[in-house]
Amino acid sequence: MSKLEHDAAAAVARGAEPHPERPWYRSAAGVLERRGLRGLRCLDLCAGNAEFSEILRDRFAMRVTCADYAPAHLEHQRSLGFDVLPVDLDGPGTEVDRAAAGSAAAFDLVVSLATIEHVFDSDNFLRFCHGVLKPGGLLLINTPNIAFA
């Protein structure tokens with residue numbers, strides 16, 4: 001099974017049932033609260049079912065664009081009223097760079113929660129983030145820590 005097939009099946013299996021209290025959502029929301037970040041133009045990178053995108057929009061008054069590559073996720077994100085940015089971070093670097101160029105310096109904040117560990121090409125991931133962030137923009141990434149209980 002290819003990565004795309006796996007991720008498409010996972011997107012369908014996860015369904016649209018929201019889980020807004022996931023620990024990584026609470027952690028990221030806490031960072032946003034402590035920093036007083038509200039009303040920013042935000043890219044939720046690898047947004048999945050857009051659960052945190054909804055938190056960003058509803059709790060932090062952010063203008064959120066969702067980025068993903070799984071068609072089921074993109075369709076769901078659109079159905080929730082989000083603009084979407086299709087990007088396959090594991091695709092050829094030229095394609096990732098082209099996607100970033102289409103939104104160059106467009107976002108105040110890029111959020112990517114519990115996803116970087118799933119991306120094979122972390123150079124593409126970080127280069128994309130750098131390309132879409134405004135000068136002085138913020139990047140919020142979290143990833144599971146095996147030592148966390």
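Modeller: Happy to! Let's start at Tyr25, which is buried, with a relative accessible area of 7%; buried means under 20%, exposed over 50% and partly exposed in between, with a 1.4 Å probe and protein chains only. This is a predicted model, in which local features need pLDDT of at least 70 and side-chain atom pairs pLDDT 80 or more, while totals for chains, interfaces and linings use all residues. Residues are numbered from 1 along each chain as its sequence is written, and side-chain values use heavy atoms, without hydrogens or water.

Trp24, by contrast, is partly exposed at 33%. The model has 2 aromatic pairs, counting Phe, Tyr and Trp rings (six-membered ring for Trp) with centres within 6.5 Å; planes under 30 degrees apart are stacked, over 60 edge-to-face, the rest tilted. With ring centres 6.1 Å apart and planes at 75°, Trp24 and Tyr25 are therefore edge-to-face. Ring pairs also bring in Phe52, making a cluster of Trp24, Tyr25 and Phe52.

Phe52 takes us to helix 3 (residues 51-60), where it is buried along with Glu51, Ser53, Ile55, Leu56 and Phe60. Helices are DSSP runs of H or I, at least four residues; strands are runs of E, at least two, and both are numbered from the N terminus. Just after helix 3, Ala61 has a positive phi of about 50°.

Strand 2 (residues 63-68) is largely enclosed by the rest of the structure, because 5 of its 6 residues are buried. Strand 1 (residues 41-45) runs parallel to strand 2, joined by 5 bridges; pairing takes at least two DSSP bridges. Arg41 stands opposite Arg63 of strand 2.
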